[in-house]
Amino acid sequence: MQIPEGPELQTETPGLWAEHPAAALVTVAVVGLQAFMISGLILARIRQKRAEKELRLSEARFAGIFRSSPAAMGIVRQTDGRIVDVNPEWESVTGISRNDAIGRTPVEAGLLIDGDAEGRLRRFLEAGKPLENYEHVLRAADGGNRWLSLSTELLTLHDEACFIVVAKDVTEFRESEKARQQLAHTSRLAMLGEMTASIAHEINQPLGAILSNTDAAEMLLARPDPPLDEVKQILTDIRRDDRRASEVIKKVRSLVGLREIQQRPLDLNEVIREAVKLITHEVQRRGVTIIHDLDDNLPLIQGDPVQVEQVLINLMLNAMDAMKGVPMIRRTLTLRSWQKDANSVATSVEDHGHGIPSDDLGRIFDSFFTTKQNGMGLGLALARSIVELHSGSLFAENNASTGATFYLILPINVSSPHEGNGLGNTRRSSDR
């Protein structure tokens, strides 16, 4: 074939994509993947730097808060129990300088010294459980004791598990609590002084019965053929009266004793009945009739049995004082108990006396305020203090007709399992 002159002949060489499409596709994919990975690494690095910056800022903020905190704070490493750092307030509260504390364990620093201190610290570190208001006695440099309330939280600082320890000095509160307990003890002694005749009667009655039964048993045994069945019955009566006298003495000893508050689950009705037993003779001597209106289906409350009983006896004695001079037919004292709501139980002491003057109604719980000629003005003030220590309330109202009613509200016992933190029994401080 002959190509005509004039036209230009062009030929096209196939491109790489057209000639090797699969290889080109793979190359592009690899390049794109590499670019994506490089971008991801760059973004990750940016995020890492940002996180590191935020961590440094966070640690700087924590360090600032830690150093300037008005609360005493320390950092204890979990792995070996050594103190990493303490703030100035910690130095002030504990009396241990930062240089003396860092690098040492609380035992080496003298913060834990009682009993098996090393073992308790080790168990605490291994348990990894936080503390909340754990009260601990610290031997101060001047030889005295200071009470610290410790709370801890386990955190990660500089890639290490550490306990942040916050210590609050509660020495002043414990001293005031001790003074209040001493005052409560003094009040109980004064109250028992008023009940001397009643207590003596409660003890003398079973002792007299024991003596009479002993004389009768001796007479029976002196017979040629003693009636052993009657003697056995007499011995049973002697044992019963002995236990009765023993219970009265035990109750008086518990009221007289000076001891720490021992809150536990209580049957409020049982406490009411025990309180009434102690003043039975006083009730009879004053010609007062006690009416019980108690709910037998009450949930348990949480309280110290001696102190709750002290409050009830105080209220009943006050109620009987208020009915002095009232005709005997009207001298009735009504004790009621009921469940107030889902969280509390209530009891009331109602009298038919002359009532409380309206001007005095708001002051009857004030310290040293009294309407009695020889009163100290501490009974009701102390009673309210005891009730408030039990997270309850105590108030009074005049009745619609005659007399007044005192209301005692106490929280229901809530039992919950408590996981151990390795330090053994703890004393949890009350809300302050």
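**Stop 1: colour by pLDDT.** This is a predicted model, so look at the confidence before anything else. The chain averages a pLDDT of 75, and 71% of the residues score at least 70. Now select residues 425-432: pLDDT stays under 50 there, and the model gives this stretch 19 contacts beyond four places in sequence.

**Stop 2: the sheet.** Select S7, S9, S10, S12 and S11, and you have five strands in that order, forming an open sheet with mixed pairing. Go to the edges next: S7 (289-294) and S11 (393-398) each have a single partner strand, so one side of each is left without a neighbour in the sheet. From one strand to the next, the twist averages 20°.

Stop 3: Keep S10 (residues 344-350) and S12 (residues 404-411) and hide the rest. How do these two pair? They run in the antiparallel sense, over seven bridges. To find your place along the pair, pick Ala346, which stands opposite Ile409 in S12.

Stop 4: Is H9 mostly buried or exposed? Eight of its eleven residues (the helix spans 268-278) are buried, so H9 is largely enclosed by the rest of the structure. Among the buried ones are Leu268, Val271, Ile272 and Leu278, and also Asn269 and Glu274.

**Last stop: the start of H9.** Show side chains and zoom in on Asp267. One of its side-chain oxygens reaches to within 3.0 Å of the backbone nitrogen of Asn269.

Methods
Residues numbered from 1 in each chain as written. Predicted model: local features only at pLDDT ≥ 70, side-chain atom pairs only at ≥ 80, totals over all residues. Heavy atoms only, no water. Buried < 20%, exposed > 50% of the residue type's maximum accessible area, 1.4 Å probe, protein only. Helix = DSSP H or I, 4+ residues; strand = E, 2+ residues; numbered from the N terminus. Polar contact = N/O pair within 3.5 Å; in protein donor to acceptor, adjacent residues only side chain to side chain. pLDDT = per-residue confidence, 0-100. Contact = heavy atoms within 4.5 Å. Pairing = 2+ DSSP bridges. Axes fitted to C-alpha atoms, helices over the stretch in contact; angles between N-to-C directions.
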